[in-house]
Amino acid sequence: MFSNKTQENLLFELARQRRSVRRYTGEKVSDDVVREILKIALLAPSSWGRHPVEFVVIRDRATIEAVARCKRMGAGPLPTADVAIVVMADMADCELWIEDAAVASTYILLAAEQFGVGACWIHMRNRQGQRKSADEEIRQILGVPDKFSVLNVVALGQKGEKKSPRTEKDLVWQNVHYEKYGQK
């Protein structure tokens, strides 16, 4: 809660800086930074506190490229990423697994920005693979049990492109309604 004194909105500053990064320098993201990002992801809230979301962290170049090929189109940033984090959830444990995995993925994106690491969400759920769904093909490559479903893969790497941060002018305030739809 803001006091009478002006207080900096640190989360707003982090969120406005965060942009999808699709090109990477090839420099390594340290294991310590990846671990710190995962610590934040593991703090993401989940429905009923069940924590059905799990992660597979991939550093092996051949495996990252194989996972990228599991999606017919739209996985462009993955082959050049230093790290790929597969975000999946146990569907048997939670009917709201999609929401839980999405929240955890968002935490990864914000955490990556906090550490100056580029990140991009690569959506996999309900996407076509080469022979099956992208989800099925990824699970097969990584040996993930059938009770899990892959929502997305987050590509991580040192930023190879510079994007301007968002500004207050980018906020779409007409999407905010008070008390009832249409009331501003």
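Strand β2, residues 83-90, pairs with β4 in the antiparallel sense, over eight bridges. Keep in mind that this is a predicted model.

Now β3, residues 117-123. This strand also runs antiparallel to β4, and seven bridges join the two. Here Ala119 has Leu156 of β4 as its bridge partner.

Next, one side chain. Glu113 sits in helix α4, which spans residues 97-114. Is Glu113 buried or exposed? Its relative accessible area is 11%. The cut-off for buried is under 20%, so Glu113 counts as buried. What does its side chain meet? There is a polar contact of 3.0 Å with the side chain of Lys159. Beyond its neighbours within four places in sequence, Glu113 also touches Leu14, Gln17, Arg18 and Arg19.

Now the whole chain. We have five helices and four strands. From the N terminus, the order is α-α-β-α-β-α-β-α-β. The radius of gyration is 18 Å, close to the 16 Å from the globule rule for 184 residues, so the chain is as compact as a globular protein of that length. The C-alpha atoms fill a box of roughly 55 × 40 × 30 Å along the principal axes.

Contacts next. Take those with a separation of 6 or more: 77% of them link residues 24 or more positions apart. Buried residues make up 39% of the chain.

Last, the surface. The accessible area is about 11,200 Å², and 51% of that belongs to carbon and sulfur atoms.

Methods: Residues are numbered from 1 along each chain as its sequence is written. This is a predicted model: local features need pLDDT of at least 70, side-chain atom pairs count only at pLDDT 80 or more; totals for chains, interfaces and linings use all residues. Side-chain values use heavy atoms; hydrogens and water are left out. Two strands pair if DSSP finds at least two bridges between them. Buried means under 20% relative accessible area, exposed over 50%, partly exposed in between (1.4 Å probe, protein chains only). A polar contact is a pair of N or O atoms within 3.5 Å; within protein, one must be able to donate a hydrogen and the other to accept it, and residues adjacent in sequence count only if both atoms are side-chain atoms. Contact means heavy atoms within 4.5 Å. The radius of gyration is taken over C-alpha atoms; the globule rule is 2.2 Å times the number of residues to the power 0.38. Accessible areas come from the Shrake-Rupley method with a 1.4 Å probe; for residues, only the protein chains shown count as cover.
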